[in-house]
Amino acid sequence: MTSRVVLISVLLLLWCHCRHVLGSGDSGTGIVPSPDRSADGADLLSMGTMVDTHSAMLRQGNTDECDIVMNLSAADRCAFVKATPDCSMEDSFINYLKMAFCLLPPNLTPLTITLCIIWLLILFIVLGLTASKFFCPNLSAISSSLRLTHNVAGVTFLALGNGAPDVFSATVAFSRPHTAGLAIGALFGAGIFVTTVVAGSVSLVKPFTVASRPFLRDVIFYMAAVFWTFIILYRGTISLGETLGYLGLYVVYVVTVIVSAYIYSHQKHSATRSSTQSSTHAPADTHVPELQTSESDQAPLLSNGSIQEGYGNNHSHCAHSTKLYLWGVLREPIQSSVCVCACIDSEYRPLLPYCESTSSILLNSLNPVDSRTWRRKTWRWRTVKILKMPLELLLLLTVPVVDPDKEDRNWRRPLNCLHLVTAPLVCVLTFSSGEYGLYLIEGQFPVWALTLLFGLFLSAIVFLTTSNDQPPAYHLVFSLLGFVVSAMWISAAASEVVSILHMLGVVLSLSNNLLGLTLLAWGNSIGDCFSDITIARQGYPRMALSACFGGIIFNMLIGVGIGCLIQMFNNEPVVTLEPEGLLTWVLAGSLGLSLVFSFILVPLRCFHLGRAYGIFLLLFYAVFLLVALLTEFGFIHT
């Protein structure tokens, strides 16, 4: 309830600010030529004002020249956007600034903002669907084929699957010189949101005692990552060695998780042997206490898709429960539910075998709705499902999914052959905004046409050499293809999200930090919030809290590390990270303070998280958000 009130308050403040900016954009800050002034004089005055404003921005440390477009008159904004390199948005498919200032008239700017916000919500849905339904299952298949242990898979592949939207968004934002503030705001904002709102909601839903060693381990590593980022922001630059240090710190974290899990497993087996030996020598009426497994160090990183309903026969709820059990996320009590689920699934199997035609296999594979699930769901769920069906159908047509827990490993011969045509096309048309896909070989033959011919050739070979009921020996290669294609979809959607937020920041005169800590952080974290709360209600609050901290460590270290490396390869060996005013330090200080509170208060409470602590965390986030908004709008300043 508290998060809803905070969200409504923030949206009201942003709307009031939007009306104020749009109402004063053409009269208060713009240069409108008077009737008795010549056009040349008006242009000279406009250019003089632009130069003065630009000089003031450089003195304040803001190097994004596109931000001064709102200080110009409405007639000069289109020419300025076309001539300014910072407004080019080369990494996105749509130049949203040209759409706002050139394509539509100035009086329709509120409509443009509304359409962009709707498109932003659709992109967030694409990010969530792709990560949960396609990216995570293929990562699970890859980890299973590599025979990775649960702990290694949990802190590598599953962490990547759980944090794919955050990592890709941060990487895209950091790789652009003028949108790094979005990444900083999103990473810090998501960290505060997860460690306060999500953790507080879990504590309110299901009070519990947290596992001490994994909790302290995750908090210490996350505090180290935040402190390191704070130092780099204070210095304003990051070198290649420091960037590699982010990746190295995560390697140390992975090694620590694996070693601690091995030590715990060794202690558990030793205690089991000693209890077994003592029970053989003990009298018949002696009670032998059961071994407690509350301190498990396994990495319980949960994917969003693990609690969602799937697509018909492709991703049933039973398959997701089995995956969670195999991933080491759930404990022994869930094994019975997996068995029951398997029995339920076998109930619908036909008594006599039958051969399904190729066309029916294709149609059933492309059906995103399970008839049994549809009948027992409410009308609200059905409405949302209908709205998401076009996106799900597009992803089903382009992304293959391999399920190693099923007998046929989700082999769908006609659909998988179609994937060999559509998946490479998606890769070449989404990489670098389709620049390479539209390239003409020797000025005549496009790359996408060559890719189409190559895909048709592979598809014909696979179709002629395989059968409908038996997957080929190389079927796991489709999991690699699905991983690459889903990553391209996520990267493309993340690029559009960053570009839209950049446009909103320019039009509404909002900083990248504020947009990152609100819209970008909420959009990427809301799925984790609902997932963790649902898991807590099902009786697994420890798993939910571990997912909170484990995912944001991965997002911080990998997002900053990979993003800065990409910018170094494209530009200079030293990346400049300039804080965007006081709000950056409010973000870093609030996140550090919340972690210090957790590091001190949770052990003092004997690692018990109750409803009072949950209310404290929610109030902390509300106060932080209020301070951040007051700082952004100038009520709090240095």
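**Note on helix packing and selected residues**

1. Helix α5, residues 109-145, packs against α19 with an angle of about 155° between them and their axes 8 Å apart. Because an angle over 145 degrees counts as roughly antiparallel, α5 is roughly antiparallel to α19. The crossing of these helices, α5 and α19, is left-handed. Sorted by class, the residues of the contact of α5 with α19 come to 30 nonpolar, 6 polar and 1 charged. The model discussed here is a predicted one.

2. For the whole protein, the secondary structure consists of 23 helices and 6 strands. The protein has 638 residues, of which 49% are buried. Of the contacts in the protein with a separation of 6 or more, 79% are between residues 24 or more positions apart.

3. Helix α5 also packs with α20, at an angle of about 35° and with the axes 9 Å apart. The crossing of α5 and α20 is right-handed. On the α5 side the residues are Leu120, Phe124 and Leu127, and they meet Leu519, Leu520, Gly523 and Asn524 in α20. By class, this contact of α5 with α20 holds 5 nonpolar and 2 polar residues, with no charged ones.

4. Which helix packs with α19 at an angle of about 55°? This is α8, residues 164-174; α19 spans residues 477-508, and the two axes are 9 Å apart. The crossing of α8 and α19 is right-handed. From α8, the contact takes in Ala164, Pro165, Phe168, Ser169, Val172 and Ala173. From α19, Ala487, Ile490, Ser491, Ala494, Ser495 and Val498 take part. The contact of α8 with α19 has 9 nonpolar and 3 polar residues, and no charged residues.

5. How many residues of α8 are buried? The count is 11 of 11, and the helix is mostly covered. Among the buried residues of α8 are Asp166, Val167, Ala170, Thr171 and Phe174. Phe168 and Val172 are likewise buried residues of α8, and both belong to the contact with α19.

6. Ser509 lies in the loop between α19 and α20, the latter covering residues 512-537. Its phi is near 55°, which is a positive value in a residue other than glycine. Is Ser509 buried, partly exposed or exposed? The relative accessibility of Ser509 is 43%, so it counts as partly exposed.

7. Cys606 also has a positive phi in a residue other than glycine, with a value near 60°. This residue, Cys606, sits in the loop between α22 and β6 (608-609). Cys606 has a relative accessibility of 62% and therefore counts as exposed.

8. Helix α22 runs over residues 582-604 and contains Ser594. Why does Ser594 count as buried? Its relative accessibility is 3%, and buried means under 20%. The side chain of Ser594 reaches the backbone oxygen of Leu591 at 2.7 Å. Leaving out residues up to four places away in sequence, Ser594 touches Thr195, Thr196 and Phe620.

9. Asn570 is a residue of helix α21, which covers residues 541-570. Asn570 is exposed, because its relative accessible area is 54% and the exposed class begins over 50%. The C-alpha atoms of Asn570 and Ser175 are separated by 8.4 Å, although the two residues are 395 apart along the chain.

10. Thr534 is located in helix α20. Its relative accessible area is 31%, so Thr534 is partly exposed. The residues Thr534 and Val205 are 329 residues apart along the chain, while their C-alpha atoms are separated by 9.1 Å.

Methods
Residues are numbered from 1 along each chain as its sequence is written. This is a predicted model: local features need pLDDT of at least 70, side-chain atom pairs count only at pLDDT 80 or more; totals for chains, interfaces and linings use all residues. Side-chain values use heavy atoms; hydrogens and water are left out. Helices (H or I, at least four residues) and strands (E, at least two) are DSSP runs, numbered from the N terminus. Buried means under 20% relative accessible area, exposed over 50%, partly exposed in between (1.4 Å probe, protein chains only). A polar contact is a pair of N or O atoms within 3.5 Å; within protein, one must be able to donate a hydrogen and the other to accept it, and residues adjacent in sequence count only if both atoms are side-chain atoms. Contact means heavy atoms within 4.5 Å. Axes are lines fitted to C-alpha atoms, for helices over the stretch in contact, and angles run from 0 to 180 degrees between N-to-C directions. A crossing is left-handed if the near helix is turned anticlockwise from the far one by less than a right angle, and right-handed if clockwise. Ala, Val, Leu, Ile, Met, Phe, Trp, Tyr, Cys and Pro count as nonpolar, Asp, Glu, Lys and Arg as charged, and the others, Gly among them, as polar. Angles under 35 degrees count as roughly parallel, over 145 as roughly antiparallel, 65 to 115 as roughly perpendicular and the rest as oblique.
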